[in-house]
Amino acid sequence: LNQNTGDLTISGGNYTSSTNSVISNYGDVSITGGTITSTGSNTVNILGGTFEISGGNISTTSSGAHAAIKNSASLTITDGTLSSANGSAVWNVSGGTAEISGGASSASNSKVISNYGIMELKTGLSISTTQLVVANQNTGDLTISGGNLSSTSNVISNYGDVSITGGTITS
């Protein structure tokens, strides 16, 4: 879906791919509902435009290290459920900008968030896991201004820049 620069709005339904991303986005996308699943790739691949999630379920059950969302552009998450079996729920690559202020994110066998770009975690976000919550990589610029992050493992692994001005972090 949305291989060009057009606008796409998803408010319901079920979308599944067994080999490719369900959405490869160059335009503006808004997701307010629905279930989007990939069993063989990153479920959503944000290549350009803006991507806003305020509801719905996005997941990958791939046996490889694939993310529910791979972001190279602009991502805003205010609600919804993101999950990955073996990769990150959110993979924000270098050049990507992400703001997460709500929703539920999880990763069964990997870090929940992998950040190489610019990311802000804000009030409203709550992640509780047995895995690493955020891996902030060498090019990552992470700001935590709110939210609740907890893990029975490490909460943050940092090789980049981190600024914490609010929120609750528990390990």
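Analyst: Happy to! Ser150 has Thr170 as its bridge partner in β19. Strands here are DSSP runs of E with at least two residues, numbered from the N terminus, while helices are runs of H or I with at least four residues. This is a predicted model, where local features need pLDDT of at least 70, side-chain atom pairs count only at pLDDT 80 or more, and totals for chains, interfaces and linings use all residues. Residues are numbered from 1 along each chain as its sequence is written, and side-chain values use heavy atoms, with hydrogens and water left out.

User: How many bridges join β16 to β19, and in which direction do the strands run?

Analyst: Two strands pair if DSSP finds at least two bridges between them. Here β16 (residues 148-151) and β19 run parallel and are joined by three bridges.

User: What order do the strands of that open sheet take?

Analyst: The order is β13-β16-β19, with parallel pairing. β13 (126-129) and β19 (168-170) are the edge strands with a single partner each, so one side of each has no neighbour in the sheet.

User: Which strands make up the open sheet of seven?

Analyst: Its order reads β2-β4-β6-β8-β11-β14-β17, again with parallel pairing. The edges are β2 (23-25) and β17 (156-158); each has a single partner strand, so one side of each lacks a neighbour in the sheet. Inside this sheet, three bridges link the parallel strands β4 (residues 44-46) and β6 (residues 69-71). One of the bridge pairs is Val44 with Ile69 in β6.

User: Is Ser83 buried, exposed or partly exposed?

Analyst: Buried means under 20% relative accessible area, exposed over 50%, and partly exposed in between, using a 1.4 Å probe and protein chains only. Ser83 has a relative accessible area of 22%, so this residue counts as partly exposed. Ser83 sits in strand β7 (residues 74-84). Taking contact as heavy atoms within 4.5 Å, and leaving aside neighbours within four places in sequence, Ser83 touches residues including Ile58, Ala68 and Ser106. The C-alpha atoms of Ser83 and Ala104 lie 8.3 Å apart, with the two residues 21 apart along the chain.

User: How many helices and strands does the whole chain have?

Analyst: The chain has zero helices and 19 strands. Of its 171 residues, 49% count as buried. Along the principal axes, the C-alpha trace spans about 40 × 30 × 25 Å.
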